[in-house]
Amino acid sequence: MLSNIHKNRTSNKAMTLFVCFLAALAGLLFGLDIGVIAGVLPFIAKDFNVTVQEQEWIVSSMMFGAAVGAIGSGWMSSNMGRKKSLMAGAILFVIGSLWSTLAINPLMLISARIILGLAVGVASYTAPLYLSEIAPEKIRGSMISLYQLMITMGILTAYLSDTAFSHTGSWRWMLGIITIPAVMLLIGVFFLPNSPRWLAAKGNFRDAQRVLDRLRDTSELAKIELNEIRESLKIKQSGWKLFQNNINFRRAVFLGVLLQVMQQFTGMNVIMYYAPKIFEISGINNTEQQMWGTVIVGLVNVLATFIAIGLVDRWGRKPTLILGFLVMSTGIGILGTILHMNIQSLSAQYFAISMLLLFIVGFAMSAGPLIWVLCSEIQPLKGRDFGITVSTATNWIANMIVGATFLTMLNVLGNALTFWIYAMLNMVFIFLTIILIPETKNVSLEHIERNLMLGKKLRDIGQ
Ligand code: BGC
């Protein structure tokens with residue numbers, strides 16, 4: 001009997017891990033599609049003879065698609081469920097990848113990038129939401145961070161594959177190879193259970209109980225969780241209506257928007273999109289060295305994400321975030337200073353690169369994963385779809401703004417001032433984290449929701 005219980009527990013744990021891993025695969029595709037374009041662009045520019053403006057369009061059309069995808073998936077995941085939304089995302093990934101491989105002119109490529117953007121939007125919305133609703137509270141932070149880990153692995157894989165294919169110049173392969181993980185995701189999603197919280201929200205308590213029974217250690221734990229979910233479903237309004245009538249929900253939506261603005265204005269994507277350019281500014285003019293430097297950036301991004309996975313449920317969200325912003329501010333601030341002093345020596349170059357990598361470590365160990373974690377935790381169940389739609393769309397819009405202003409900032413303000421501005425923003429974020437961001441470690445989503453709805457201060461809703 002005892003060994004049976006033990007066996008059940010082990011298989012339920014394995015099941016939970018499998019489910020979380022599969023959902024996180026959506027993150028891998030997100031990363032692949034963000035990362036791949038850097039290496040593809042020079043070859044497309046030659047083959048299609050595109051203008052600089054068309055190149056900008058090829059890059060940013062994906063972010064545009066992602067913002068639209070995130071907005072659409074709020075409706076989709078609330079009506080069709082998280083599982084079917086992920087399936088739709090996977091189908092879009094397959095279509096977009098194939099379409100981009102077959103592109104015969106820039107317009108076709110831009111349309112493929114918009115389709116991929118829609119897929120990324122759906123994935124970036126649905127996967128963390130689904131994970132937060134599936135994972136047991138003790139490991140919820142690490143499970144959502146696993147999703148971020150997959151994003152970083154996607155970016156790194158794309159950088160590596162770009163570097164590998166760059167010798168032959170076959171950009172179609174760079175884009176086409178992404179079809180393989182897209183098909184894997186599509187197949188895997190069939191095996192995922194529906195989210196118990198979505199099932200309960202649809203009044204389907206029996207299936208919700210069944211899913212929880214398969215995922216939790218004991219059926220008692222599953223029952224307690226379902227009861228908590230029932231409690232949180234008692235608030236009648238949902239989405240937009242709740243937003244109009246309930247100030248506490250508006251506070252949660254505001255917090256989600258702020259968190260995503262903070263994540264993007266750390267300046268991380270400046271480095272993701274323009275790493276080779278930054279190496280060039282720092283005095284590294286050899287293209288091959290720039291390519292490999294970019295791969296190292298991707299690798300450090302992956303490795304430092306493990307720090308977050310280790311810390312998030314132990315140290316908690318808040319101290320990790322504060323440390324991360326401090327590290328980022330230091331890294332990018334000193335980088336600005338080195339550029340300002342304009343020292344040309346080799347040791348200055350190495351120092352500049354190590355500061356750039358320090359910045360990456362700061363992001364990957366904190367804001368990268370933790371913002372997604374927090375955004376999926378702070379919204380009340382009745383308004384979760386709406387709240388996360390708004391915060392995810394904010395992520396992509398802010399992402400677009402940062403990407404589209406960097407080169408202009410360099411031109412108008414100069415290299416040093418541009419980096420100093422990001423250093424200052426990161427200092428401001430430390431202050432905002434202290435006064436506004438809650439600690440949500442080890443508390444259930446329903447407990448956070450109760451505190452929010454009672455009108456507790458935002459920074460106290462996790463207590
Ligand atoms: C961010 C992306 C970023 C990536 C880098 C994600 O959390 O949302 O904008 O490119 O991390 O690892």
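The structure is a predicted model, in which local features need pLDDT of at least 70, side-chain atom pairs count only at pLDDT 80 or more, and totals for chains, interfaces and linings use all residues. Residues are numbered from 1 along each chain as its sequence is written, and side-chain values use heavy atoms, with hydrogens and water left out.

**Helices α12 and α19**

- Helix α12 spans residues 247–264 and helix α19 spans residues 415–436, and the two pack at an angle of about 155° with their axes 11 Å apart.
- The two helices, α12 and α19, are therefore roughly antiparallel to each other, a term used for angles over 145 degrees.
- In α12, the residues L255, L258 and M262 meet F429, L432, T433 and L436 of α19, where contact means heavy atoms within 4.5 Å.
- The residues of this contact of α12 with α19 divide into six nonpolar, one polar and no charged.

**Residue R197**

- R197 lies in helix α8, which covers residues 196–201.
- With a relative accessibility of 4%, R197 counts as buried, meaning under 20% relative accessible area with a 1.4 Å probe and protein chains only.
- The side chain of R197 reaches the backbone oxygen of E133 at 2.9 Å, while a polar contact of 3.1 Å joins the side chains of R197 and E225; a polar contact is a pair of N or O atoms within 3.5 Å, of which, within protein, one must be able to donate a hydrogen and the other to accept it.
- Leaving aside residues up to four places away in sequence, R197 touches E133, E225, I229, L381, R384, L445 and E446.

Methods
Axes fitted to C-alpha atoms, helices over the stretch in contact; angles between N-to-C directions. Helix = DSSP H or I, 4+ residues; strand = E, 2+ residues; numbered from the N terminus. Parallel < 35°, antiparallel > 145°, perpendicular 65-115°, else oblique. Nonpolar A, V, L, I, M, F, W, Y, C, P; charged D, E, K, R; others polar. Buried < 20%, exposed > 50% of the residue type's maximum accessible area, 1.4 Å probe, protein only.
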